[in-house]
Amino acid sequence: MDLFEHQGKELFASFGIPVSPGAVARTVDEAVAAADGVGYPVVVKAQVLVGGRGKAGGIKLASNADEVRTHAGNILGMDIRGHTVERLWIEKASDIAAEYYGSFTLDRSAKKHLGMLSAKGGIDIEAVAEEDPDAIARIHVDPVDGLDEATARKWVRAARLDPDAEQGAVELLLNLYRCYVEGDADLVEVNPMILTPDGRVHALDAKVTLDDNAAFRHDWAEYASTQKRDEREQAAAEKGLQYVGLDGTVGIIANGAGLAMSTLDVVNQAGGDPANFLDIGGGASAEVMAGALEVINGDPKVRSIFINIFGGITRGEEVANGIVQALGRVSIEAPIVIRLDGTNADQGRAILAEHESEKLQSRPTMLEAARTAVELAGEAAK
Ligand code: GDP
Ligand code: MN
């Protein structure tokens, strides 16, 4: 789960990381009231779950109420890379002597936490990594050992931050590491982490991704309530389906996560673009199949549907009956291609053959089914 900047800053503050005081606003009037409360000058900041807000015009300095009114009016409702701004964060403006970058995330291949720190902050870190990789100081932190002050100090020196920033940066990074571990985050990023002219180091931006698997350990209800979920994913979650929305035109239903992933690969291999990942789990009852078809049917981009089922404990004829019954319940626009294999596949295929039409076709292999689905989706099969 990704947090909005203001939520990330609230989390940071609870771990002793210095942030600027501020308030959330949903309307222009609320923005002015928030700014009056915070004290001028303020920064009016669009709250969207995407970076590069500054460049997009979603972050503006305001030195009085009139300026807040103008900027809040412009930014509310603004589209920033596909995200509509519904909320603002109004915070006390900071003076900036230097902008740095600091983050922690998991390096799965190293089986350690990865800290990245750079004196080149404020800008896109991917660009820094590409153009000037030596400008990023990296450390691996063993989760068992944790991060101690001496190591953090060495790291800060390696990143060549201004000497004035050393102590503040060490303290901030130690707290950021605690926030990352104890807060159960997958990512904490501070860009920019600033040095103020009077020598303080603080977080001017916050990007936090929480590990949803740790939700039971925390009270994240408030964060969850503001999540903007893909509508399709919301519908699937309500039906208890494992669904991930993608951008293509071939809707996919498979049983088992591994098979569903292979199905995405095969559709790609056949020159198509999957519209989703959908794992209906072990069984393939009419109930579950109907729910899955409904979710896929609700995606206007879908031009064909590929159902890829491998019967294991669930036998082929049960699966086929489930599909036929589901089709009787849901009216589906897009043509369906089915590959059914595994236990009692022959019986299952015989049942499907009775219902074969332009809108419902069977193919014996995954690749053939993918090719047909891709062709039907109107894309050139390779
Ligand atoms: P992002 O563009 O979405 O990453 O948003 P940030 O919160 O990182 O802000 C982008 C840039 O706006 C920062 O790198 C700063 O240069 C500038 N900025 C943000 N807040 C302040 C502030 O309080 N004072 C000043 N002077 N500049 C700010
Ligand atoms: Mn930023």
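**Helix H5 and helix H6 cross in a right-handed sense.** A crossing is called right-handed if the near helix is turned clockwise from the far one by less than a right angle, and left-handed if the turn is anticlockwise. This view, like the others, shows a predicted model, in which local features need pLDDT of at least 70 and side-chain atom pairs count only at pLDDT 80 or more, whereas totals for chains, interfaces and linings use all residues; side-chain values use heavy atoms, with hydrogens and water left out. Residues are numbered from 1 along each chain as its sequence is written, while chains are lettered from A and ligands numbered from 1 in the order in which they are written. Helices (DSSP runs of H or I, at least four residues) and strands (runs of E, at least two) are numbered from the N terminus. The axes of H5 (residues 149–158) and H6 (residues 166–182) come within 9 Å and cross at roughly 125°, these axes being lines fitted to C-alpha atoms, for helices over the stretch in contact, with angles that run from 0 to 180 degrees between N-to-C directions. That angle makes H5 oblique to H6, given that angles under 35 degrees count as roughly parallel, over 145 as roughly antiparallel, 65 to 115 as roughly perpendicular and the rest as oblique. From H5, Glu149, Ala152, Arg153, Trp155, Val156 and Arg157 take part in the contact, and from H6, Glu166, Gln167, Ala169, Val170, Leu173 and Leu174, where contact means heavy atoms within 4.5 Å. Sorted by type, the residues of this contact are seven nonpolar, one polar and four charged; Ala, Val, Leu, Ile, Met, Phe, Trp, Tyr, Cys and Pro count as nonpolar, Asp, Glu, Lys and Arg as charged, and the others, Gly among them, as polar. In the loop between H5 and H6 lies Arg160, which is not a glycine but has a positive phi, near 55°, and which counts as exposed at 61% relative accessibility; exposed means over 50% relative accessible area, buried under 20%, and partly exposed in between, with a 1.4 Å probe and protein chains only.

**The axes of helix H2 (residues 28–38) and helix H3 (residues 65–75) cross at roughly 140° and come within 9 Å.** H2 is thus oblique to H3, and the crossing of the two helices is right-handed. Val28, Asp29, Ala31, Val32, Ala35 and Asp36 of H2 meet Ala65, Val68, Arg69, Ala72 and Gly73 of H3, and the residues of this contact comprise seven nonpolar, one polar and three charged. The loop between H2 and strand E2 (42–46) holds Pro41, which is joined to Tyr40 by a cis peptide bond with omega about -5°.

**The manganese ion (ligand 2) is coordinated by Asn191 through O and by Asp205 through OD, at 2.2 Å.** Asn191 belongs to strand E10 (residues 185–195) and Asp205 to the loop between strand E11 (201–203) and strand E12 (207–210), so the pair ties together parts that are 14 residues apart in sequence. Donors here are N, O and S atoms within 2.8 Å of the metal (3.2 Å for Na, K and Ca), and since water is not among the atoms, sites may look incomplete. Asn191 is buried at a relative accessible area of 14%, and Asp205 likewise counts as buried, at 19%. The peptide bond that leads from Asn191 to Pro192 is cis, with omega near 10°, and Pro192 too is found in strand E10.

**Helix H13 (residues 366–376) has as its buried residues Met366, Ala369, Ala370, Thr372, Ala373 and Val374.** These buried residues pack against strand E14 (250–254), helix H9 (257–269), strand E16 (304–311), strand E17 (336–342) and strand E18 (360–362). Just after H13, Gly378 takes a positive phi of about 85°. Helix H9 also includes Gln269, which is exposed, with a relative accessible area of 52%.

**Arg81, a residue other than glycine, has a positive phi near 45°.** Arg81 sits in the loop between strand E4 (79–80) and strand E5 (83–84), where it counts as exposed at 59% relative accessibility. For orientation among the views, the chain has 13 helices and 18 strands, and its C-alpha atoms fill a box of roughly 80 × 50 × 40 Å, taken along the principal axes. Of its 382 residues, 49% count as buried.
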